[in-house]
Amino acid sequence: MTTEIRKKVLALTGNEAYAYAMKQINPDVVAAYPITPATEIVQIFSKYVADGEVDTEFVPVESEHSAMSACVGASAAGARVMTATASQGLALMHEVLYVASALRLPIVLAEVNRALSAPINIHCDHSDTMGSRDAGWIQIYSENADEAYQSLFIALKIAERANIPAMVTMDGFIVSHGMEPVEILPDEKVRQFLGERKPLYTILDVEHPITIGPLDLTDYFFEHKRGQIEAIKEAKKVIPEVHREYNEFFGKNMPDFFEPYRMEDAEIAVISLGSASGTVREAVDVLREKGEKVGALRMRIFRPFPYEKLREYTGNLKVLSVMDRADSLATIGGPVFNEVRSWLYDLERRPFVMNFVYGLGGRDFFVEDALYIFEKLIKAAKGERPSELIEYVGVRE
Amino acid sequence: MPVSLRELSKRTQGLTPGHRACAGCGFPSIIRLVLGATTDPKVVANATGCMEVVTTIFPYTAWPVNWIHSLFENAAATIAGVESAYRALKRKGKIKTDKEIKFIAFGGDGGTYDIGLQSLSGALERGHNFLYVLYDNQAYMNTGIQRSSATPFGAHTTTSPAGKVIPGKLQKRKEITDIVAAHGIPYAAQASISHWLDLQKKAEKALTTEGPTFLNVLSPCTPGWVIPDDMTVEVAKMAVETRAWPLYEVENGYYRVTYKPKEYVPIEEWFKMQGRFKHLLKRPDLIAEAQRQVNETWERLLWLETRPRKEEEK
């Protein structure tokens, strides 16, 4: 006899989905500060606290700098700790992000992508999280609300196993404020899956005093940094391991580093992150109908950078394009483009790589834009290479 | 009850010998007096600064208690996080000790008056149960004696140098203890290492008071103030005698000056002891201005002290 489990599906915005996942995680401490478009996460969570639906210590700090600072203190005390922010908030946390990762504190941050000022703008691009790409945090870019919801559980488990902090991101407004069906996992199963945090150390163990964050000079700093780099390398093993466990436990099929789409025999492909990826897949379908060998590769985990996995997909490619929703402002295109291109360099057979920067400040990205990109790539595959490697799509030039 | 010096010296939980503070540095005494004011277990957060630097050069530590350093401006937010975790974990029965843990943050004047003021203000307003100890050496000493908003009027620092045109710092010191007290916290006080019993009583009071508490302790800096290594306590004492550094406390909003010098000692006497004021000795006009500031602050304190207490609070 089989028991049919009725799935619970709720219509939730991205922010509501984040907050719901946080409720189910029931962290020991949440320290957060509101910022558009992530404000609702903090609001909804405050209500959970006020209604006694969680037993979290909620620390309504006076800034994001203090939010991440309080998270560091609480996590060093052995607590399970979360926060949420966007854009300027993440920028204000910047120096504390490095402390969190170097002290090996598995803090989880629910991030909503929004353009960094100036000009001030509240809409989506990836300049905020790309700005903290070298802070030693795991970065998981989710495409929709359901994925963001699930990714928080996965991120927490990875973070606590690898002792590395993790941020999950979703595109501001496009996902954070768009309502979508989210399959809610049973509370009890979430609790079982996550278990309890087993900290490496805690400063609340008063019988065994320790000094955390001492001055580290020329004689030791490099060794400690080197150790951190190795730990992040180890996390590359933990990430697929936790995804496997998650998928088995919940009967899901969450991809880890990449989500390939029609890549099997593709000769032309586009790499993208976040919500634009669905648009790219639609363009792939249109072109496949016409017999073009095109595919799409969604990069879900950008940090640590999954170059080993990337190479599994690039063997047959003639042309590859990277879509960046941020620019390096260094005349060398977007950050994802630069890293992808760099890691393909020493392959014997490597594709021609182009960069398309799109969607800055929340500019819409349409199927037509994706088709335009593919047209350029198809031409390049036929030997008609563009004079510029980097192109800006959807902007009035 | 304050303990005797003899008893205090027996309490092991202070600061171990071997730290690398300058000879004559004021703050090791502050750490020992504050941590010695309670036998409860303690967790300390330290802002970046001289204290953090000289006590923890890896792989050594001078701290026999749990200690964390994160950044320059976030000691208050860090200890707030630790204290929040303590409350959450205690509720869930995950804290091993039955004793009540005391949470203490240490920061210099740079990390407190200036770059860390917002973080401190937030933590005070939220009402975390912790003691914030400001060791006030009146300039950014760790980076080589730059002015802070704690630097007194007229002092020479490397960013308020006594030059041919400008005679040292032109602005007066910010009254941080008043600013902190204005948060309506239950206890804030100003103390000096020279008056150790007064300091220890205040630390004990702060550590047994529920909610956020604050101590601002004068901590002479031998290179920064340009004083001999063996004059630290004397210079601190003269700051109190000249009323440049009044000793007082603010308990539930009521001010009380805890030490009133018996004789009037002009501010010049304090200036004469320190190289950082050397250039002022030729400028009676500036000494008069410094004296005016000292008198004004002192008279204001005496006036604040006269606020009648409500019957039930006597």
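A residue counts as buried when its relative accessible area is under 20%. In this predicted model, L90(A) has a relative accessibility of 1% and is therefore buried. L90(A) belongs to helix 4 of chain A, which covers residues 87–102. Leaving out neighbours within four places in sequence, the contacts of L90(A) are T85(A), L97(A), L109(A), E111(A), D128(A), T129(A), S132(A) and M167(A). R226(A) is 136 residues away from L90(A) in sequence, and the two C-alpha atoms are 25 Å apart in space.

With a relative accessible area of 3%, Q274(B) falls under the 20% limit and so is buried. Q274(B) is placed in a loop of chain B, between helix 11 (267–272) and helix 12 (284–305). Residues up to four places away in sequence aside, Q274(B) touches W225(B), V226(B), I227(B) and V235(B).

In chain B, L170(B) sits in the loop that runs between strand 4 (131–136) and helix 7 (176–181). Together with V165(B) and I166(B), L170(B) makes a nonpolar surface patch of about 320 Å².

The aromatic residues come next. A pair of aromatic rings is described by two quantities, the distance between the centres and the angle between the planes. Over all chains, the count is 24 aromatic pairs. In one of them, Y248(B) and Y255(B), the ring centres are 5.8 Å apart and the planes meet at 15 degrees; planes under 30 degrees apart count as stacked, so this pair is stacked. Y248(B) and Y255(B) are both buried. W270(B) and F271(B) form a tilted pair, with 6.3 Å from centre to centre and 35 degrees between the planes. Here too both partners, W270(B) and F271(B), are buried.

In chain A, ring pairs join F193(A), Y246(A), F249(A) and F250(A) into a cluster. One member of this cluster, F193(A), also has a charged residue over its ring: K157(A) lies over the face of F193(A), 4.4 Å from the ring centre. A further charge over a ring is found at F302(A), where the charged end of R303(A) sits 4.4 Å from the ring centre.

Technical notes. Residues numbered from 1 in each chain as written. Chains lettered and ligands numbered in written order. Predicted model: local features only at pLDDT ≥ 70, side-chain atom pairs only at ≥ 80, totals over all residues. Heavy atoms only, no water. Helix = DSSP H or I, 4+ residues; strand = E, 2+ residues; numbered from the N terminus. Buried < 20%, exposed > 50% of the residue type's maximum accessible area, 1.4 Å probe, protein only. Contact = heavy atoms within 4.5 Å. Patch = residues over 30% accessible without salt bridge, like charges linked within 9 Å, V, L, I, M, F, W, Y side chains within 5 Å. Areas by Shrake-Rupley, 256 points an atom, 1.4 Å probe, with all protein chains shown as cover. Salt bridge = Lys/Arg side-chain N within 4 Å of Asp/Glu carboxyl O. Phe/Tyr/Trp six-rings, centres within 6.5 Å; stacked < 30°, edge-to-face > 60°. Lys NZ or Arg CZ within 6 Å of the ring centre and 35° of its normal.
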